[in-house]
Amino acid sequence: MSRRLLAALSSAVLAFGLAACSGEGAGGGTDTAGQDPKDLTIGVSMPTQTSERWIADGNSVKQKLEAKGYKVALQYAGDDIPTQSQQVDQMITQGADVLIIAAIDGTALTSQLQAAADKKIPVIAYDRLIRGSKNVDFYVSFDNFKVGVAQASALLVALGLQNKDGSKGAKTGPFNVELFAGSLDDNNAHFFFNGAMQTLKPFIDNGSLVVKSKQTAIEQVAILRWQQETAQKRMEDLLTSTYNDGSKVSGVLSPYDGLSRGIITALQNAGYGTAANPIPMVTGQDAEIASVKLINDGVQSSTIFKDTRLLAEQAVIAAEAFLQKKQPQANDTKTYENGVKVVPSYLLPVQTVYKDDIKAVLIDSGYYTAAEVAAGQAK
């Protein structure tokens with residue numbers, strides 16, 4: 001079934017999913033280990049449908065749970081915090097047995113998580129750590145610090161300062177670069193940025209990289225809600241304020257493909273992208289199909305691929321463990337401190353994708369087809 005059709009169906013089945021869980025779910029308070037999957041409901045809360053990544057995540061989790069016989073209440077919150085809070089409240093009152101939540105704001109669901117705990121409903125934080133609550137039972141994600149390291153390394157490779165194997169590259173710089181970060185209310189944004197800055201700092205310190213705007217703190221470079229339009233506007237402002245002397249941008253650290261496309265649009269509108277004025281090296285994340293096409297076309301330099309199929313599978317494994325009254329297996333019990341507790345976590349690896357990796361990593365694995373990459377649109 002196509003991704004587009006799945007996205008349409010997710011809204012169509014929502015009312016059914018909620019009705020099915022009303023009055024039937026155990027709400028975590030009964031012995032779910034002895035129940036048939038068809039009598040159990042998992043609430044899945046995703047942040048937005050404006051990103052193809054989150055649509056894919058929601059559909060993957062839903063499909064994998066339903067394949068095992070569970071009922072699923074999947075909701076998207078439109079990047080609106082009160083909406084997500086209300087949706088999670090509804091899942092709890094209607095009897096969800098487990099909650100899988102990708103939070104918009106990692107600090108905004110404290111009362112909902114307490115309500116879940118009161119009903120003994122396990123909570124799995126999905127890719128975004130939920131902060132400020134003791135009632136987060138498990139976290140499934142990728143190694144987000146390493147994502148930042150990978151993004152920064154990809155920028156260094158693209159500029160020629162470093163080879164793919166980590167050895168010293170042929171170029172010495174100096175190169176003008178600008179930095180972008182994700183939304184400050186997303187815990188992952190801090191891990192991404194910290195990993196990237198740890199990697200870039202020696203090159204900034206020795207003058208190989210020059211942040212001409214001098215904006216190097218995450219508070220200065222963060223993009224609220226990861227909005228593409230906001231990133232485009234910031235890049236436009238940087239070009240106007242910092243590069244009006246004829247100097248050129250050589251590279252941009254971007255933590256997400258949507259931001260990358262906004263940044264690239266601003267650069268192209270300013271005259272970059274010609275033989276005489278080549279497009280700067282721009283990183284990314286999530287291997288969104290529009291950006292994969294840009295990489296294939298030589299416009300965006302790289303992206304970080306996080307296989308949402310594997311993440312969804314791990315969320316399902318964790319949910320089933322809780323339903324069987326067991327503790328999910330964690331491979332990290334030290335890193336993800338949410339302000340109240342260290343949340344046991346299962347972290348998945350990531351892959352850097354340059355143009356010459358697209359076939360092996362994305363097409364041969366079945367994530368995209370060659371036709372989808374060529375068109376820049378998933379079917």
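1. Second largest pocket. In this predicted model, the second largest pocket holds about 420 Å³ of space. Its lining counts 29 residues. Those nearest the centre are Ser51, Trp54, Arg225, Trp226 and Tyr256.

2. Where the lining comes from. The largest share is that of α3, with three residues.

3. Charged residues number 13 in the lining of the second largest pocket. Nine polar and seven nonpolar residues make up the rest.

4. The sheet. Six strands form an open sheet with parallel pairing. Their order is β2-β1-β3-β4-β5-β11. Neighbouring strands are turned against each other by 15° on average, direction ignored.

5. The β5-β11 pair. β5 (residues 138-142) runs parallel to β11, and the two pair over four bridges. Within this pair, Ser141 has Leu347 of β11 as its bridge partner.

6. Helices on the sheet. α3 packs on the sheet and touches β1 (41-46), β2, β3 (98-101), β4 (123-126) and β5. Its direction makes about 170° with that of β2. Helix α4 (residues 81-93) also packs on the sheet, touching β1, β2 and β3. The direction of α4 makes about 180° with that of β1.

7. A link between the two topics. Which element gives the largest share of the lining of the second largest pocket? It is α3, and α3 also packs on the sheet.

Key: Residues numbered from 1 in each chain as written. Predicted model: local features only at pLDDT ≥ 70, side-chain atom pairs only at ≥ 80, totals over all residues. Heavy atoms only, no water. 1 Å grid on protein atoms, 1.4 Å probe; cavity = no way out; pocket = protein on both sides within 12 Å on 5 of 7 lines; lining within 4 Å. Points joined across faces, edges and corners; volume = space filled by probe spheres on them. Nonpolar A, V, L, I, M, F, W, Y, C, P; charged D, E, K, R; others polar. Pairing = 2+ DSSP bridges. Axes fitted to C-alpha atoms, helices over the stretch in contact; angles between N-to-C directions. Contact = heavy atoms within 4.5 Å.
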